[in-house]
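Subject: Structure handover

Hello,

Here is the structure I promised to pass on. Please open it first, then read my notes below.

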Amino acid sequence: MTDPIADYLTRVRNAIKAQHRVVEVPASNLKKEITKILFEKGYILNYKIVEEGVQGTIKIALKYDPVNKVNAIKKLERVSTPGLRRYTGYKDMPRVLNGLGIAILSTSKGVMTDKEARELKIGGEVLCYIY
């Protein structure tokens, strides 16, 4: 696998389209941080890290509206790829849906959202957009 973050986003996207309640993805430190951000921002219901085998898995409980069966995540979009890395400074930070969505960045201070990076005045690699 050449792009584990794209695989993570694709698994979540496919589970949303199939209206699954839970999706399992192989664990890594970067994926754990992205999942933690999604939970803190209210895009997923809950998550659990299962430390089995060499790598372990992350079980993600997806969040749906009980009346309309609409997921909290409308779109997951990979920005930086292994073939073309996308970096940004804090002054040129992207705004997703004019501030309604989030951009997840990998910075020197760890993985964080675009708003947190703007406050700390640091740039980094733009991993994905979520709204």
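**Salt bridges**

Lys59 is partly exposed, with a relative accessible area of 34%. Partly exposed here means between the two cut-offs: buried is under 20% relative accessible area and exposed is over 50% (1.4 Å probe, protein chains only). A word on the basis: this is a predicted model, where local features need pLDDT of at least 70, side-chain atom pairs count only at pLDDT 80 or more, and totals for chains, interfaces and linings use all residues. Residues are numbered from 1 along each chain as its sequence is written, and side-chain values use heavy atoms, with hydrogens and water left out.

The partner of Lys59 is Glu24: their side chains form a salt bridge at 3.8 Å, N to O. A salt bridge is a side-chain nitrogen of Lys or Arg within 4 Å of a carboxyl oxygen of Asp or Glu. Glu24 sits in strand β1 and Lys59 in strand β3, so the bridge ties together parts that are 35 residues apart in sequence. Helices (H or I, at least four residues) and strands (E, at least two) are DSSP runs, numbered from the N terminus. Glu24 is also partly exposed, at 43% relative accessibility.

How many salt bridges are there by this rule? The count comes to seven. Another of them joins the side chains of Asp3 and Arg78, at 2.9 Å, N to O. This pair links distant parts of the chain. Asp3 is in the segment before α1, Arg78 is in strand β4, and they are 75 residues apart. Asp3 counts as buried at 14% relative accessibility. Arg78 counts as buried too, at 17%.

A further bridge runs between the side chains of Arg85 and Glu125, at 3.0 Å, N to O. Arg85 lies in the loop between β4 and β5 (87-88) and Glu125 in strand β8, so this pair ties together parts that are 40 residues apart in sequence. Arg85 is partly exposed, at 41% relative accessibility.

**Around Glu125 and Ser80**

Is Glu125 buried or exposed? Glu125 is buried, with a relative accessible area of 11%. Leaving aside neighbours within four places in sequence, Glu125 is in contact with Ser80, Arg85, Arg86, Tyr87, Ile104, Leu105 and Ser106. Contact means heavy atoms within 4.5 Å.

Ser80 is found in the loop between β4 and β5. Its relative accessibility is 0%, so Ser80 counts as buried. The side chain of Ser80 makes a polar contact of 2.6 Å with the side chain of Glu125. A polar contact is a pair of N or O atoms within 3.5 Å; within protein, one must be able to donate a hydrogen and the other to accept it, and residues adjacent in sequence count only if both atoms are side-chain atoms. A polar atom of the Ser80 side chain also lies 3.0 Å from the backbone nitrogen of Arg86. Not counting residues up to four places away in sequence, Ser80 touches Arg85, Arg86, Glu125, Val126 and Leu127.

**Helix α1**

Helix α1 covers residues 4-17, which is 14 residues. From first C-alpha to last it reaches 20 Å, close to the 20 Å expected at 1.5 Å a residue. The expected span is 1.5 Å times one less than the number of residues. Which residues of α1 are buried? They are Ile5, Asp7, Tyr8, Leu9, Val12, Ala15 and Ile16. These buried residues pack against β1 (22-26), α2 (29-40), β3 (57-62), β4 (76-78) and β8 (124-130). Just after α1, Gln19 takes a positive phi of about 55 degrees.

**Nonpolar cores**

The largest nonpolar core has 26 residues. A nonpolar core is a set of buried Ala, Val, Leu, Ile, Met, Phe, Trp, Tyr and Cys residues joined through side-chain atoms within 4.5 Å. Those with the most contacts inside the largest core are Val12, Ile34, Ile60, Leu62, Ile73, Ile104 and Ile130. At least two residues of this core come from each of α1, β1, α2, β3, β6 (102-107) and β8. Helix α1 gives the most, with six residues. Apart from this core lies another, of ten residues, among them Met93, Val96, Ala103 and Leu105.

Best wishes
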